[in-house]
Amino acid sequence: MNRNEALAWLEKFRGKAIWGPAELVYDDPKAMGNPAQSPPGVVWNKMVALAKEAEHEVVAENAYLVPQQKNAPAYRELRERGVTVRLLTNSLASTDVVTVNAHYANTRPQLAELASSSTR
């Protein structure tokens, strides 16, 4: 599209969107060369800070989500505080990285159990 077409498309949403504050948070791509060796990045630290402040719900979407066993206590703590945790990721049928899905498959049962157990 050119600029005018893009603006015309956006104009269709005038008065229909709900505006809210936003913050761009990103990690240095060089750290992704060996994530296991890298310290927690800016994105992870921001997610932890937001989760600690959560009162009702945490929703995370990431096509390449790789849940870590070491984070299970944090999910459990959120659930104990009555915070709903929802993690959305791709299935093996929709991802191009089989190794990510394979890792996720190993942690899926525990995460599902944490998500379904209610302490309310």
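Let's start at Met1. Its relative accessibility is 75%, so Met1 counts as exposed; the cut-off for exposed is over 50%. Keep in mind that this is a predicted model.

Where does Met1 sit? Met1 is in the segment before helix α1, which covers residues 3–11. Met1 also belongs to a nonpolar patch on the surface.

Now to helix α3, residues 72–80. Which of its residues are buried? They are Ala72, Tyr75, Leu78 and Arg79. Look down the axis of α3: the buried residues fall within an arc of 125°, so they line one face of the helix.

Arg81 is in the loop between α3 and β2, and β2 covers residues 84–88. Is Arg81 buried, exposed or partly exposed? Its relative accessibility is 39%, so Arg81 counts as partly exposed. That value falls between the cut-offs, under 20% for buried and over 50% for exposed.

What does Arg81 touch, leaving aside residues up to four places away in sequence? The contacts are Ala51, Lys52 and Ala54. Glu55 is worth a look too. Arg81 and Glu55 are 26 residues apart in sequence. In space, their C-alpha atoms are 7.9 Å apart.

One last stop: Gly82. This glycine follows α3 and has a positive phi, near 85°.

To recap: Met1 is exposed, α3 has its buried residues on one face, and Arg81 is partly exposed.

Terms used. Residues are numbered from 1 along each chain as its sequence is written. This is a predicted model: local features need pLDDT of at least 70, side-chain atom pairs count only at pLDDT 80 or more; totals for chains, interfaces and linings use all residues. Side-chain values use heavy atoms; hydrogens and water are left out. Buried means under 20% relative accessible area, exposed over 50%, partly exposed in between (1.4 Å probe, protein chains only). Helices (H or I, at least four residues) and strands (E, at least two) are DSSP runs, numbered from the N terminus. The arc is that of the directions from the helix axis to the C-beta atoms. Patches are made of residues with over 30% relative accessible area and no salt bridge: like charges are joined within 9 Å, nonpolar side chains (Val, Leu, Ile, Met, Phe, Trp, Tyr) within 5 Å. Accessible areas come from the Shrake-Rupley method with a 1.4 Å probe; for residues, only the protein chains shown count as cover. A salt bridge is a side-chain nitrogen of Lys or Arg within 4 Å of a carboxyl oxygen of Asp or Glu. Contact means heavy atoms within 4.5 Å.
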